[in-house]
Amino acid sequence: MSIRILNNYCRLLVAGSWRRLATSSICQKGKDSADNKINKKERNEDNSKGEIEEELKSAVKSVAKSISGDEKQTERDLLQQLLKQTKVVSHSVSEVKPTTTPTSRDLLVNMTVKRFTEDQFENKGKSRIKTTRNNNENNRSGQQSRLVREGARTKYELFEGPDLGIFDPPSKQSAPAVPGEYDRTKTLRHKLEEEIRAKSSTPPSNAFQEMIRWTEDEKLWTFPINNEAGMKEEAKVGFHEHVFLDDQIADFPRKGPIRHFIELVVVGLSKNPYLSVSAKHEHINWFRQYFKEKEPVLRETLGDASKFSETAQKV
Amino acid sequence: MWQTIIGLLRPAAQISSQQVRNRHWDALMRRDLKRRAMMKEYYPERQRINSIRKNTILPKELQEIADKEIHAMPRDSCPSRLHSRCVVTSRPRGLQDKWRVSRIVWRQLVDYNQMSGLKRACW
């Protein structure tokens, strides 16, 4: 049973890390030789220590010789791979302890599956260097392949490093409501069409185009119906600016009929949806100016209740 | 060639081949439009002064002053001086407010299917 496990792991190793060599004929030899040697190794037992057997080492050497490039490097890589594999294997193997002639079921019961750690997964993928047809292992010089291997070994951090400044940061871009949605008015196609339309005044070729133009000119309604269609400036203004106008009358006299009057005015304005915020401020300012002009008359009748404070005191 | 020679003459001597159509059917219509423009200009101030006049909170001395101020404003700025007229014929009576035309013009337009959503009743 232990032999079968070992066999499987070694097969994985061979298939996974040397898949790129499957097509080339030269490397086939290497693979065959390696396979033979690994099979020999499988016949041997006792790999619980996690060390690599001598036969495996020799197999690795022969494979390295057959592959073009830096022999020492390939040897090192392969041995590293094997070490990691064998460690895993040894752990799982050690848990199996047969007393009498063990049945497969007994063995399966006691066995636990060891999970690969993250490091092992990473290294497994990295040894698989993607090559184009021209940039094949055979065509590459020794220096090139060494560089490739070195590059493959380094860890690439995708989201770290200096900003290239090609794109706007995500905070600047407006996030779409539905993920995957994009603003069609910012696409190149749309801009091109707009340019063409601006320069040439050709009439629309069909009713659909006519309706599109009318919709863009805001002559037709857009669906779903937006009650506030066309009110772009008002949309920027929050409701609090329309409703909470008490700050505007902070410099009016605190008590008296003038205060009472202007408070009623403000209440009426806060309920008015038809005036803009600037119009409301203008309305209040007119009253302020009017009452200041009439102060001599008001002072006689009201006294202190006609005085406006110089500095606006927020209530 | 004759057109150029005629163009050199006094405007009164020129023969206009087309019917003269101005914006105003008659002087009454023109006066009403003038009042409307003036009202539009003065209405905000008029409304504010009236709000001072027509309340029981402010002192009467102030309200008397406001009375005088509004009296000093031009007479045509008052909204009560407006009188709606037919846009096409300047008719002062028999108006359909929604369409701003007199009943005769209204009927004419509807009969020739030039009014959206209107047709002769039949049930």
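A salt bridge (a side-chain nitrogen of Lys or Arg within 4 Å of a carboxyl oxygen of Asp or Glu) joins the side chains of Lys294(A) and Glu69(B), with 3.1 Å from N to O. This is a predicted model, in which local features need pLDDT of at least 70 and side-chain atom pairs count only at pLDDT 80 or more, while totals for chains, interfaces and linings use all residues. Residues are numbered from 1 along each chain as its sequence is written, chains are lettered from A in the order in which they are written, and side-chain values use heavy atoms, without hydrogens and water.

**Interface**
- Contact (heavy atoms within 4.5 Å) involves 15 residues of chain B and 16 residues of chain A.
- About 1,400 Å² is buried between the two chains, 77% of it from carbon and sulfur atoms; buried area is the accessible area (1.4 Å probe) that two parts lose on being put together, summed over both.
- Arg48(B), Ile57(B) and Leu62(B) supply 44% of the area that chain B buries against chain A, more than any other three residues.
- The count between chain B and chain A is 1 salt bridge.

**Network at Lys294(A)**
- Lys294(A) also forms a salt bridge with Glu293(A), at 3.6 Å between the closest N and O atoms.
- Shared partners join Glu293(A), Lys294(A) and Glu69(B) into one network.
- Lys294(A) is buried at 10% relative accessibility, whereas Glu293(A) is exposed at 52% (buried means under 20% relative accessible area, exposed over 50%, partly exposed in between; 1.4 Å probe, protein chains only).

**Within chain A**
- Asp251(A) and Arg288(A) meet in a salt bridge of 3.0 Å, N to O.
- Asp251(A) is buried at 10%, and Arg288(A) is buried at 13%.
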